[in-house]
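These are my notebook entries on a model that I looked through chain by chain.

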Amino acid sequence: MDNQFPEPVATTKAQPAPIAAPVPGGSSAQGPLGWLGTNVGRILISIAIPLLAFYVLYQGFLFLRDTNAPKAVVAVIAIIWGVGGVALLYWVANWVVERMGGEVVSRVQPFVFVGPAIAILAWYLAIPALRTFQLSLMGPTGDTFVGLKNYADVFADRTMFTAFFNNILWIVFGASFCLILGLLVAVLADRSRYETAAKALIFMPMAISMVGASIIFRLIYAVNPNIGLLNAIYTGLTGAEPVAWTASAQLSPWNNLFLIAVMIWLQTGYCMVLFSAAIKGIPTDMLEAARVDGANEFQVFFRIMIPAIMGTIIAVGTTVIIFTLKIFDVVWVMTGGQFNTQVIATQYYREYFTAQNSGTGSAIAIVLLICVIPVMIYNLRGFSEREAF
Amino acid sequence: MATAAATQTRAGATTATTKKRKSPWGQIFVNGVLLLLVLVWIIPTVGLLVSSFRTRFDIQTSGWWTIFPHRDYVTVGEPFAVPDNAGDRNGVMSIAPPNDTGSVAKGTFEQFRDGVTTSDGKYRLVWIGNRRTGQIAIQQQQWISNTNFTLENYQQVLGTTTYEIKQPDGTVTTEQGTNFVNAFINSVIVTVPATVIPILIAAFAAYGFAWMRFPLRRWFFIVVIALLVVPLQTALVPILTDYVKLSLNGTFLGIWLAHTGFGLPLATYLLYSYISTLPRDILESAFIDGASHFTIFTQLILPLSVPALASFAIFQFLWTWNDYLVALIFIGAKPDVQVLTMRLADMVGTRGNDWHLLTAGAFVSMLLPLVVFFSLQRYFVRGLMAGSVKG
């Protein structure tokens with residue numbers, strides 16, 4: 001398919017051909033059902049078909065919930081049911097609307113298209129944010145109003161203070177190393193013959209889960225120098241005793257750096273790919289002109305390349321900072337938030353699910369939300385400037 | 001002006017070729033630094049992969065890097081009894097191997113127990129056993145590599161049955177397999193619909209936003225953009241409360257919908273920016289031919305949008321496959337619906353030192369995303385370029 005339509009933007013007026021083919025779908029609805037004649041019959045059908053669809057889907061749901069069938073069979077049925085079910089719902093909803101005919105179609109049909117998305121966004125993101133805010137003003141079990149007490153508790157708590165401090169460490173070291181290394185690789189790869197291979201290998205960790213990456217790095221940080229590469233190198237060079245790089249409160253707060261390294265390993269590829277594309281977008285004559293005028297490579301890099309891709313640097317930096325702010329898996333799997341490595345997201349989990357305090361848990365989540373609001377506003381501004389919506 | 005333009009085009013045409021071969025020293029420097037970074041980047045994964053094929057005993061006693069040829073002391077010949085002329089066993093002794101009495105090693109019992117190198121550096125002598133009846137083993141430096149690989153770890157990680165494991169000291173222990181196959185299938189069941197459903201819903205919505213007129217259209221889209229960066233954490237607990245009420249907790253439907261909800265803002269945004277740029281005349285002429293919105297969408301827009309759909313699909317696939325937090329919260333209660341990441345994280349907690357299992361398990365969990373990633377990297381990068389942030 002992709003070969004046929006590599007860049008649909010390019011298929012301009014020259015290609016009206018595919019339009020001749022479409023089957024007139026909705027208008028034929030009355031054809032095969034014409035024998036019903038009466039409106040009553042049509043309404044009955046319009047109700048019966050959706051009901052039947054719902055019934056079939058509900059049976060599928062019950063089957064999947066209670067079945068003892070072999071796992072592979074369940075997998076096939078679940079996938080067909082899930083994917084097919086959604087397609088079926090759209091088809092049925094559209095079918096019903098198109099049967100109504102006339103003015104109704106153009107008024108209601110947009111909501112068949114957009115409605116499910118809006119409903120899901122409302123249920124899963126918009127309303128929960130408000131509900132979490134409400135819970136953050138309530139006591140531990142969510143039934144007494146306590147005002148801003150939870151927020152006061154969150155900011156007065158020592159472990160929470162460490163979590164905030166650690167998150168700042170994550171942002172300062174993690175985000176900046178990702179950006180610097182990403183930029184470095186992008187610039188170097190751009191001048192190397194082995195560009196594709198080098199970029200693919202640095203980019204590869206993007207495919208690895210944070211849980212998987214945590215195991216990879218636990219192996220590297222293992223205390224036993226026969227297992228952990230870092231301790232093997234360290235004891236081999238210094239002759240000192242092996243060190244627990246992450247699981248030791250003595251190293252705190254620097255043990256966080258070893259967790260941050262995992263994130264840098266995972267995310268540098270992302271920065272590199274975007275920077276690489278931005279660098280290739282810089283007009284070559286601009287760089288050549290500077291070189292002809294006698295600028296050395298460092299001047300070209302700092303005076304021309306960096307300013308030229310500043311927009312990309314800011315966008316990528318924002319993304320990485322948001323990612324870093326919400327970091328959870330790495331800390332949770334590697335140290336469980338012990339040894340002073342807790343971050344906001346692990347404290348959130350601890351408060352909610354271990355300490356069962358929905359009030360402070362919600363307050364922490366809202367603090368996270370407040371941290372990203374500037375980005376949200378920036379995105380919205382960008383949108384209203386760009387689009388004539 | 002004209003000359004400038006001329007040199008510019010010439011520069012534009014030639015730099016692409018000249019840039020890659022500048023001064024040889026520059027190239028060596030660039031490639032050297034690049035090689036160093038790439039090595040640092042792949043060593044962790046290589047370590048995991050190599051370890052996953054080593055036996056349990058090897059992992060515990062020697063680093064994975066010893067598979068590469070290196071010089072190390074290897075025991076040669078049979079151990080010999082400590083000669084009577086060695087000296088006081090509580091003080092400094094001097095011992096020589098019986099076949100080469102010229103090279104002598106001096107040290108206390110404690111030093112000999114760790115191994116003492118002879119004065120000419122040919123042998124290392126190691127005391128085996130206790131102070132009174134111990135023997136001396138002779139070791140010599142040789143080039144060796146520990147290439148004793150096995151598939152046993154994978155069998156044990158994937159299977160459910162118990163395995164008999166022969167320890168190096170001859171005893172036999174039985175261990176329960178960790179049944180990663182089950183978790184792998186669960187991951188597939190969760191991931192495939194959790195990738196396709198949001199794409200379908202988002203594609204419908206993107207078409208609606210781009211080509212249909214309805215009240216509050218602008219406001220709804222602003223909400224989509226605002227939700228792009230909302231952190232998951234604000235949403236988890238209210239949804240969990242709803243799920244418990246609807247008994248959706250621990251069901252596949254529940255987790256599909258959760259991933260759908262969390263992936264939808266990005267999906268809608270990406271697909272909107274693609275679908276809205278499709279040429280208007282195609283749609284208009286289809287309309288004139290009497291096609292309905294539904295027909296245009298399914299017959300025309302979906303096929304045309306395959307590149308954008310693929311980009312997001314890879315994005316969402318990697319995201320759901322690698323997700324841990326959402327699964328932890330919405331599946332947590334039901335062990336036999338557990339996905340790979342949860343099973344792995346559990347194993348870190350319960351069997352954190354069973355490196356033979358952890359490494360094999362981690363690699364099993366990475367296999368599919370790595371294949372998808374390397375085969376469809378082009379689309380993935382394009383999705384990244386459309387650039388955005390996800391909550």
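**Entry 1: chain A.** I counted 15 helices and zero strands in chain A; helices (H or I, at least four residues) and strands (E, at least two) are DSSP runs, numbered from the N terminus. The model is predicted, and I kept to its limits: local features need pLDDT of at least 70, side-chain atom pairs count only at pLDDT 80 or more, and totals for chains, interfaces and linings use all residues. Residues are numbered from 1 along each chain as its sequence is written, while chains are lettered from A and ligands numbered from 1 in the order in which they are written.

I then looked up burial, and 39% of the 389 residues of chain A count as buried. A residue is buried if 20 or more other C-beta atoms lie within 10 Å of its own, exposed if 12 or fewer, and partly exposed in between, with C-beta atoms placed from the backbone.

**Entry 2: the contact of the two chains.** I found 109 residues of chain A and 118 residues of chain B in the contact, where two residues touch if their C-beta atoms, placed from the backbone, lie within 7 Å. On the side of chain B, helix α6 (residues 180–211) gives the largest share, 16 residues. That side has 81 nonpolar, 32 polar and five charged residues. Here Ala, Val, Leu, Ile, Met, Phe, Trp, Tyr, Cys and Pro count as nonpolar, Asp, Glu, Lys and Arg as charged, and the others, Gly among them, as polar.

**Entry 3: one helix pair.** I looked up helix α3 (residues 103–136) of chain A against α6(B): they pack at an angle of about 125°, with their axes 8 Å apart. Axes are lines fitted to C-alpha atoms, for helices over the stretch in contact, and angles run from 0 to 180 degrees between N-to-C directions. Residues in this contact include Phe113(A) and Ile120(A) of α3(A), and Phe204(B) and Tyr207(B) of α6(B). By class I noted 12 nonpolar, one polar and no charged.

**Entry 4: a sheet in chain B.** I traced an open sheet of four strands in chain B, in the order β1-β6-β5-β4, with antiparallel pairing. Two strands pair if DSSP finds at least two bridges between them. β1(B) joins strand β6 (residues 135–144) of chain B over nine bridges, and Phe80(B) has Ile136(B) as its bridge partner there. β4(B) joins strand β5 (residues 123–128) of chain B over two bridges, with Thr117(B) opposite Arg124(B). Of the 12 residues of β1(B), I found zero buried, so this strand lies largely in the open.
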